[in-house]
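Here is a short walk through one protein chain. We start at a single residue and then widen the view.

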Amino acid sequence: QVQLVESGGGLVQAGGSLRLSCAASGRTFSSYVMGWFRQAPGKEREFVAAFYWSDRRTIYADSVKGRFTISGDNAKNTVYLHMNSLKPEDTAVYYCAARTIQAGEYDVWGQGTQVTVSS
């Protein structure tokens with residue numbers, strides 16, 4: 001039932017910051033887990049971060065630990081990915097995804113938003 005729409009992508013200089021948003025239609029409650037994934041040209045999609053609505057727990061890929069922060073706003077039904085100290089290798093299409101906490105895989109995906117980091 002959840003529809004996801006990403007926004008906030010764009011062009012940024014290396015070392016800069018960007019905030020991505022993932023707006024979920026309807027109400028997203030504690031049983032949902034939100035995730036950010038990315039796919040660079042010629043590469044497989046990779047996990048970036050996850051956010052558990054239930055307890056606000058966060059998980060990060062090693063490649064972004066200390067630089068990216070995932071958070072959620074209940075009132076806006078939106079998950080954010082704050083990206084700091086961006087590197088050219090962060091360039092990718094970023095996708096928001098969702099699953100129920102009981103599910104083993106993400107089954108709802110957004111359209112993606114392009115992030116380009118110039119050197």
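Ser118 sits in strand 11, which covers residues 113-118. Keep in mind that the model is predicted. Is Ser118 buried, exposed or partly exposed? Its relative accessibility is 22%. Buried would require a value under 20%, and exposed a value over 50%. Ser118 therefore counts as partly exposed.

What does Ser118 touch beyond its neighbours within four places in sequence? The contacts are Leu11, Val12, Gln13 and Ala14. Here contact means heavy atoms within 4.5 Å. Now pick another residue, Glu6. Glu6 is 112 residues away from Ser118 along the chain.

Next, the whole fold. How many helices and strands does the protein have? The count is zero helices and 11 strands. Read from the N terminus, the order of elements is β-β-β-β-β-β-β-β-β-β-β. The C-alpha trace spans about 40 × 25 × 25 Å along its principal axes.

Packing comes next. Of the 119 residues, 44% count as buried. Take the contacts between residues at least 6 apart in sequence. Of these, 54% join residues at least 24 apart.

One covalent link also spans the sequence. The structure holds one disulfide. Cys22 and Cys96 form this bond, with their sulfur atoms 1.9 Å apart. Where do the two cysteines lie? Cys22 belongs to strand 3 (residues 18-24), and Cys96 belongs to strand 9 (residues 92-100). The pair therefore ties together parts that are 74 residues apart in sequence. The torsion about the S-S bond of Cys22 and Cys96 is about -80°, so the disulfide is left-handed. Both Cys22 and Cys96 are buried.

Finally, the surface and the charges. The protein exposes about 6,100 Å². Carbon and sulfur atoms supply 47% of that area. There are 12 positive and 10 negative charges. How far apart are the mean positions of the positive and negative charges? The separation is 5 Å.

Notes:
Residues are numbered from 1 along each chain as its sequence is written. This is a predicted model: local features need pLDDT of at least 70, side-chain atom pairs count only at pLDDT 80 or more; totals for chains, interfaces and linings use all residues. Side-chain values use heavy atoms; hydrogens and water are left out. Helices (H or I, at least four residues) and strands (E, at least two) are DSSP runs, numbered from the N terminus. Buried means under 20% relative accessible area, exposed over 50%, partly exposed in between (1.4 Å probe, protein chains only). Accessible areas come from the Shrake-Rupley method with a 1.4 Å probe; for residues, only the protein chains shown count as cover. Lys and Arg count as positive and Asp and Glu as negative; His and the chain ends are not counted. The place of a charge is taken as NZ of Lys, CZ of Arg, CG of Asp or CD of Glu. A disulfide is a pair of cysteine sulfur atoms within 2.5 Å.
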